[in-house]
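Q: I have not looked at this one before. Can you walk me through a part of it?

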Amino acid sequence: MKIKKYIANDFQEALKMVKAEMGSNAVILHQHRVKEKGLRGLFKKSKVEVVAAVEDTPYSVPKDIITKKDINELKNLIKTIATEKNTQIFENGVKSITSKLLEYGIEKELSQLLGEGIDELDEVGKELLKKRIKAFLGAPQPLDSGKSKKVLFIGPTGVGKTTTVAKIASHLILNEGKKVMLVTADVFRIAAYEQIKSYGDILGVPVRVVSNVFEFHKLQPEFKNYDVVLIDTAGRSHKDEKRVNELKTFMKYAECDEIYLCLSATTRPQDLKEVIKKYDFAGNYKLIFTKLDETDNYSSILNAVYYSGQPISYFTNGQIVPDDLMLADSEIIFSSIVKGY
Ligand code: GDP
């Protein structure tokens, strides 16, 4: 098996590099964002690092042959290779499983990557698909309360950010015995403060409200008394430039150790790409998906990882604090795809 690391500006570009060099049988083993270390890195956009692998196959076609062939010849070549490999290909060259993944709502290139070479969803096909989804999503990356102190939660309005902060706070207190403090930078909605305050009261932890990063810094001496400070931010419409700019300023100076972007599993596909693009300024973050209980289709989760190149951490599947929180689990997504097969 050949394994190689690629660095690119975004995930799509990295995939193109993988495909060009390793062919479309390559599987993504691992991907994350990297930033150049030191001062120079501060002013540079983060890059995406992708580790890909491909089986050494007797069917690998030299790259220069592919580029010189016209499209029809290329299609025939692929068909011949596929027949030899006993792989079913449709007239238009799209494989059956790939088209199922497309129908499910997964981005075209990702569908091809996940479905490549899987003839049907029999036991072998299912096992392979499950492995690929797992490899693509990587292991869930939850909050490491031993390393991270100031943890920021961002995301569009109403996705369930505050509820998720309360769930994570409960988990840290009840299961890890940590001392937690809650801060809300949501001064736009009185109800938002009341909501998090009532969670704080139930959990027996202090809740502070700040209207800007200067007020946040004034709280620093208090932070010393806590293991983890969870910071909830105002739910912003990603279309509201002013609010997004305020968040950028807050993030720039708050020096948080970790950032979580909360997204709802019910986000419409056309909105998902736009939201992720808008939050690109956040640099390195982890994804939390909420409201898995409100849909049977989790294509948005795979697509979000594909668009952003960021790891997943938690899923939430209901309104109940603290119960409806779990570590992100690729099997849930796989099961929903193969349901009925
Ligand atoms: P925020 O504006 O992003 O902070 O969202 P809130 O935490 O205020 O939640 C908005 C609504 O979503 C509330 O009614 C929550 O109870 C609900 N909610 C949060 N998480 C989940 C979830 O996992 N599933 C469902 N069905 N509802 C949720």
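This is a predicted model: local features need pLDDT of at least 70, side-chain atom pairs count only at pLDDT 80 or more; totals for chains, interfaces and linings use all residues.

Q: How do H13 and H14 cross?

A: The axes of H13 (residues 269–278) and H14 (residues 299–308) come within 10 Å and cross at roughly 35°. Helices here are DSSP runs of H or I with at least four residues, and strands are E runs of at least two. Axes are lines fitted to C-alpha atoms, over the stretch in contact for helices, with angles from 0 to 180 degrees between N-to-C directions.

Q: Which residues make the contact?

A: Leu272, Lys273 and Ile276 come from H13, and Ser300, Asn303, Ala304, Tyr307 and Ser308 from H14. Contact means heavy atoms within 4.5 Å.

Q: Is H14 mostly covered or mostly open?

A: Mostly covered: 10 of its 10 residues are buried, that is, under 20% relative accessible area with a 1.4 Å probe, protein chains only. Just after H14, Gly309 has a positive phi of about 70°.

Q: Now H15. Which of its residues are buried?

A: In H15 (residues 330–338), they are Ser330, Ile333, Phe334, Ser336, Ile337 and Val338.

Q: What do they pack against?

A: Helix H5 (96–104), helix H7 (123–137), H14 and strand E10 (312–316).

Technical notes: Residues are numbered from 1 along each chain as its sequence is written. Side-chain values use heavy atoms; hydrogens and water are left out. Buried means under 20% relative accessible area, exposed over 50%, partly exposed in between (1.4 Å probe, protein chains only).
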